[in-house]
Amino acid sequence: MSERNPPRVGFVSLGCPKNLVDSERILTQLRAEGYALSDSYAGADLVIVNTCGFIDAAVDESLETIGEALNDNGRVIVTGCLGAREAEVRAAHPDVLGITGPHAYEAVMGLVHQTLPPAAEGFSGLLPAAGVKLTPRHYAYLKIAEGCDQKCSFCIIPSLRGPQRSRPLDAILGEAESLVQSGVRELLVVAQDSADYGRDLKHRPAFWQGRPLRSRIQDLAAALGELGVWVRLHYIYPHQSVDELVPLMAAGRLLPYLDLPLQHADREILRAMRRPAAAERMLERIAGWRAQCPDLTLRSTFIVGFPGETEAQFEALLAFLRAARLDRVGAFAYSPVQGAAANALPGALPEELKQERLERFMAVQSEISAERLAARIGRREIVLADEVHADYWIGRSAGDAPEIDGVVVVDGAWELDPGDFVEVEITGSDAHDLFARVSDEAEA
């Protein structure tokens with residue numbers, strides 16, 4: 001390949017933001033070594049598919065995508081969570097060139113080199129300091145750890161990604177600083193269990209800007225809050241450390257936003273899930289957090305139709321939902337995942353019943369969400385612009401994470417760019433989104 005015609009790689013990234021960060025790292029290395037990126041299978045010399053294997057639907061999507069890449073290109077490397085189940089991938093697609101598990105950057109590049117040698121000269125000098133990003137320029141995911149030490153019975157992430165391995169604190173802060181310098185206005189902190197950051201490091205101290213900081217989520221979050229951008233915490237398992245994060249939110253150091261995957265509220269179901277089993281205590285903690293930080297947005301995810309879930313236990317979950325009045329909620333009907341311990345539990349529910357409970361659950365939450373959003377009408381809030389159109393623009397408030405939460409739709413033609421912060425007045429709402437106009441002060 002000549003320098004004018006470098007080898008071209010197609011890339012498909014599936015799954016969660018943590019997988020997206022892995023994709024960004026691989027793409028950055030590809031560009032550094034002189035590979036060009038193709039936006040089509042036909043225009044690529046090789047295709048990499050970064051897969052998800054968390055639930056059956058994700059496995060099906062991954063296998064289907066691999067098949068499409070093989071049909072349209074023929075030269076495919078598979079990586080990611082489903083890659084940890086190599087036999088399953090090979091059974092469906094024996095012609096793939098190579099397979100690696102998740103966050104196996106060097107192994108992926110090794111397979112690429114075997115199949116498609118790099119150009120004579122790389123492009124490392126032309127790359128932005130923050131590397132290749134798959135998100136818009138104004139926000140980025142910041143992964144602080146790999147793997148997970150939790151033993152949830154419905155989940156196989158520890159077997160796919162291994163035990164937790166926290167990144168060095170100074171490396172995380174260095175990456176964050178580089179992202180901010182490159183124009184990022186919002187950092188979204190992700191890990192399988194962000195609240196447990198640093199435990200595997202025994203919370204050893206690291207130095208940042210001449211001062212020692214302990215390798216724990218509280219110190220890391222406080223330091224990130226000094227960078228002058230929005231900092232949003234995701235995947236916060238409800239450890240006690242959360243209680244020390246809320247004061248940082250109340251003080252404006254972090255966005256007042258907590259993403260807590262609670263999964264259920266009934267004590268026996270939580271025990272079967274191998275999750276913390278104290279719904280009453282969780283309601284007390286939520287009340288305490290909101291007392292400290294009235295603007296706090298709480299997001300969570302739940303599973304309905306878990307094996308053995310009775311109607312009374314499902315009603316207990318709905319009662320918790322009504323009492324907690326969470327702002328943003330995602331829910332899933334239980335689906336058995338190959339290799340999960342929960343598969344052996346008795347009392348599997350019919351699919352129709354699981355779907356019926358999911359609909360009832362989301363109907364309750366939709367009412368709660370609509371009420372909580374309607375209470376914000378008349379308020380002035382700072383919004384981060386994401387998309388600018390001819391006669392309106394779309395942004396997000398402090399309570400809205402990209403792609404999973406709602407948006408703020410603002411009427412009018414305005415000269416602004418994605419990444420601009422604008423003060424708006426909330427004028428309307430529905431069950432998920434807010435509507436607004438630019439406030440008088442902002443117009444002036």
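A cavity is a set of grid points where a 1.4 Å probe fits but cannot get out, and its lining residues are those with an atom within 4 Å of such a point. In this predicted model, the largest cavity is lined by Thr297, Asp327, Arg328, Ser369, Arg372, Leu373, Arg376 and Gly399.

**The largest cavity**

- The count of cavities of 30 Å³ or more comes to one, and the space in the largest cavity is about 70 Å³.
- Helix 12, which runs over residues 351-374, supplies the largest share of the lining of this cavity, namely three residues.
- Sorted by class, the lining of the largest cavity is made up of four charged residues, three polar ones and one nonpolar one.

**The second largest pocket**

- The second largest pocket has a volume of about 350 Å³, and among the 16 residues that line this pocket, those closest to its centre are Asp295, Thr297, Arg376, Arg379 and Glu381.
- Strand 16, covering residues 380-388, gives the largest share of the lining of the second largest pocket, with three residues.

**Nonpolar cores**

- The largest nonpolar core holds 62 residues, of which Leu258, Trp289 and Phe361 touch the most other members.
- If residues up to four places away in sequence are left aside, Phe361 touches Phe302, Val304, Phe314, Leu317, Leu318, Leu321, Val329 and Ala331.
- Another core lies apart from the largest one and has 17 residues, including Val47, Val49, Val76 and Val89.

**Cysteines**

- The structure holds zero disulfides, a disulfide being counted here where two cysteine sulfur atoms lie within 2.5 Å.
- Cys81 has its closest cysteine sulfur in Cys52, and because the two sulfur atoms are 6.0 Å apart, they are too far from each other for a bond.
- Cys148 is likewise in no disulfide, since the nearest cysteine sulfur, which belongs to Cys152, is 6.5 Å away and the cut-off is 2.5 Å.
- Cys81 counts as buried, with a relative accessibility of 6%, and Cys148 is also buried, at a relative accessible area of 9%.

**Residues with positive phi**

- Most residues other than glycine have a negative phi.
- His103, although not a glycine, has a positive phi of about 40°; this residue sits in the loop between strand 5 (98-99) and helix 4 (105-115), where His103 is partly exposed with a relative accessible area of 21%.
- Arg274 also has a positive phi, near 60°, in a residue other than glycine; its place is the loop that runs between helix 9 (267-273) and helix 10 (279-292), and with a relative accessible area of 49% Arg274 is partly exposed.

**Glu351**

- Glu351 is found in helix 12, the helix that also gives three residues to the lining of the largest cavity.
- Glu351 counts as partly exposed, at 43% relative accessibility.
- The C-alpha atom of Glu351 is separated by 9.0 Å from that of Tyr334, a residue 17 residues apart from Glu351 along the chain.

Note on methods: Residues numbered from 1 in each chain as written. Predicted model: local features only at pLDDT ≥ 70, side-chain atom pairs only at ≥ 80, totals over all residues. Heavy atoms only, no water. Buried < 20%, exposed > 50% of the residue type's maximum accessible area, 1.4 Å probe, protein only. 1 Å grid on protein atoms, 1.4 Å probe; cavity = no way out; pocket = protein on both sides within 12 Å on 5 of 7 lines; lining within 4 Å. Points joined across faces, edges and corners; volume = space filled by probe spheres on them. Helix = DSSP H or I, 4+ residues; strand = E, 2+ residues; numbered from the N terminus. Core = buried A, V, L, I, M, F, W, Y, C linked by side-chain atoms within 4.5 Å. Contact = heavy atoms within 4.5 Å. Nonpolar A, V, L, I, M, F, W, Y, C, P; charged D, E, K, R; others polar.
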